[in-house]
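I opened the model today and kept notes as I went. Here is what I looked up, entry by entry.

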Amino acid sequence: MTAHIPGTSTHSAGAQRALPVLAATDGALEAIKWLALILMTGDHVNKYLFNGTKDWLFDCGRIAMPLFVFVLAYNLARPGAVVRGAYHRTVWRLLVVGCVTMPVFVALGGLVAGWWPLNIMFTLAAIAGMVMLIERRTLAGQICAAGVFLAAGAMVEFWWSALALGLAVWLYCRRPSWMAIGLAAAALAGLWYVNGNAWALAAVPIVLGASGTRLNIPRLRWVFYSYYPAHLVVLWLIRIPMSKAGYLFF
């Protein structure tokens with residue numbers, strides 16, 4: 001299954017022919033999602049139980065967000081997503097889970113001013129909301145999308161770089177272009193600054209390798225939404241006896 005939408009003319013299609021089309025199967029997308037979940041979990045174990053002292057877990061964790069963003073943007077770029085109401089459902093689900101997760105996210109600490117930045121669910125919700133507004137193909141929609149980008153980028157994890165990456169992937173999946181590639185490159189450069197390393201680039205070969213790969217992995221629709229708050233709660237509970245035993249968390 002592919003989210004690529006052919007060009008509207010023979011000339012435009014020929015101009016983009018040299019660019020590879022991202023055509024990931026549902027099984028490949030599930031594999032990417034599971035890999036991202038594992039990398040995210042390791043990153044959070046390092047952050048919340050080991051005070052970020054395991055550099056290799058931190059580095060691997062930088063790959064998780066770009067993988068999540070790819071899966072989200074690819075699914076939203078599928079033909080018929082607007083008609084099926086995929087945008088609205090995705091935005092609301094992400095916002096609800098993000099809000100439910102915030103108490104434990106804050107309780108685990110490590111945030112600026114106690115609450116900033118908002119967790120990754122809000123990052124993904126902002127991406128979905130932004131492209132939903134762009135899909136309206138009106139001037140008001142474009143202005144509102146820009147507003148979401150500017151406002152949400154200042155409040156969510158990975159800032160504007162994550163939002164720009166989501167937009168770039170969505171644009172490329174709909175129609176491969178050098179503009180989308182340039183935007184993705186700029187977003188990855190921004191993540192280099194945010195993360196302090198270039199490990200987010202490792203998501204690129206993973207995504208390209210998954211394109212066209214046939215894997216038979218069943219889709220578990222609610223696993224991601226439930227796993228995110230659940231694993232943070234587990235980490236918070238684990239820290240209680242560790243704190244009593246004398247461990248200090250920063």
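**Ground rules.** For helix pairs I take axes as lines fitted to C-alpha atoms, over the stretch in contact, and angles run from 0 to 180 degrees between N-to-C directions. Helices here are DSSP runs (H or I, at least four residues), numbered from the N terminus. I am working on a predicted model, where local features need pLDDT of at least 70, side-chain atom pairs count only at pLDDT 80 or more, and totals for chains, interfaces and linings use all residues. Residues are numbered from 1 along each chain as its sequence is written, and side-chain values use heavy atoms, with hydrogens and water left out.

**Entry 1: α5 against α11.** I looked at helix α5 (residues 86-107) and helix α11 (residues 223-244), which pack at an angle of about 0° with axes 9 Å apart. That makes α5 and α11 roughly parallel to each other (angles under 35 degrees count as roughly parallel, over 145 as roughly antiparallel, 65 to 115 as roughly perpendicular and the rest as oblique). I then listed the contact (heavy atoms within 4.5 Å): among the residues from α5 are Arg-93, Leu-94 and Val-97, and α11 brings Phe-224, Tyr-225 and Trp-236, among others. By type, the contact of α5 with α11 divides into 12 nonpolar, 2 polar and 2 charged residues.

**Entry 2: α7 against α8.** Next I checked helix α7 (residues 139-153) with α8, where the angle is about 145° and the axes are 8 Å apart. Val-148, Phe-149, Leu-150, Ala-152 and Gly-153 of α7 meet Trp-159, Trp-160, Leu-163 and Ala-164 of α8.

**Entry 3: the core.** Which residues have the most contacts inside the largest nonpolar core? They are Leu-67, Phe-70, Leu-94, Leu-124, Leu-165, Trp-170 and Leu-232, in a core of 80 residues. Such a core is a set of buried Ala, Val, Leu, Ile, Met, Phe, Trp, Tyr and Cys residues joined through side-chain atoms within 4.5 Å. Its largest share, 13 residues, comes from α6. I followed up Leu-94: not counting residues up to four places away in sequence, Leu-94 touches Leu-72, Met-121, Leu-124, Ala-125, Phe-224 and Tyr-225.

Entry 4: Is Thr-123 buried or exposed? Thr-123 counts as buried because its relative accessibility is 0% (buried means under 20% relative accessible area, exposed over 50%, partly exposed in between, with a 1.4 Å probe and protein chains only). Thr-123 is found in helix α6 (residues 120-135). Leaving aside neighbours within four places in sequence, Thr-123 contacts Val-156, Glu-157, Ala-162 and Leu-163. Trp-56, in helix α3 (residues 55-61), is exposed at 58% relative accessible area.

**Entry 5: salt bridges.** I count 5 salt bridges, each a side-chain nitrogen of Lys or Arg within 4 Å of a carboxyl oxygen of Asp or Glu. In one of them, Asp-26 pairs with Arg-78, the closest N and O atoms being 2.8 Å apart. Asp-26 lies in helix α2 (residues 26-49) and Arg-78 in the loop between α4 (64-76) and α5, so this pair ties together parts 52 residues apart in sequence. Asp-26 is partly exposed at 40%, whereas Arg-78 is buried at 11%.

Arg-62 also bridges to Asp-43, with closest N and O atoms 2.4 Å apart. Arg-62 is in the loop between α3 and α4 and Asp-43 in helix α2, so parts 19 residues apart in sequence are tied together. Arg-62 is buried at 7%, and Asp-43 is buried at 10%.

For Arg-174 and Glu-135 the closest N and O atoms are 2.9 Å apart. Arg-174 sits in helix α8 (residues 159-174) and Glu-135 in helix α6, so the pair ties together parts 39 residues apart in sequence. Both Arg-174 and Glu-135 are buried. Shared partners join Glu-135, Arg-137 and Arg-174 into one salt-bridge network.

Entry 6: Most residues other than glycine have a negative phi, and most peptide bonds are trans. I noted a cis peptide bond between Trp-116 and Pro-117, with omega about 5°; Pro-117 lies in the loop between α5 and α6. Arg-137 has a positive phi near 55°, lies in the loop between α6 and α7 and is exposed at 62%. Trp-159 has a positive phi of about 55°; Trp-159 is in helix α8 and is partly exposed at 29%.

Notes
Helices (H or I, at least four residues) and strands (E, at least two) are DSSP runs, numbered from the N terminus. Ala, Val, Leu, Ile, Met, Phe, Trp, Tyr, Cys and Pro count as nonpolar, Asp, Glu, Lys and Arg as charged, and the others, Gly among them, as polar.
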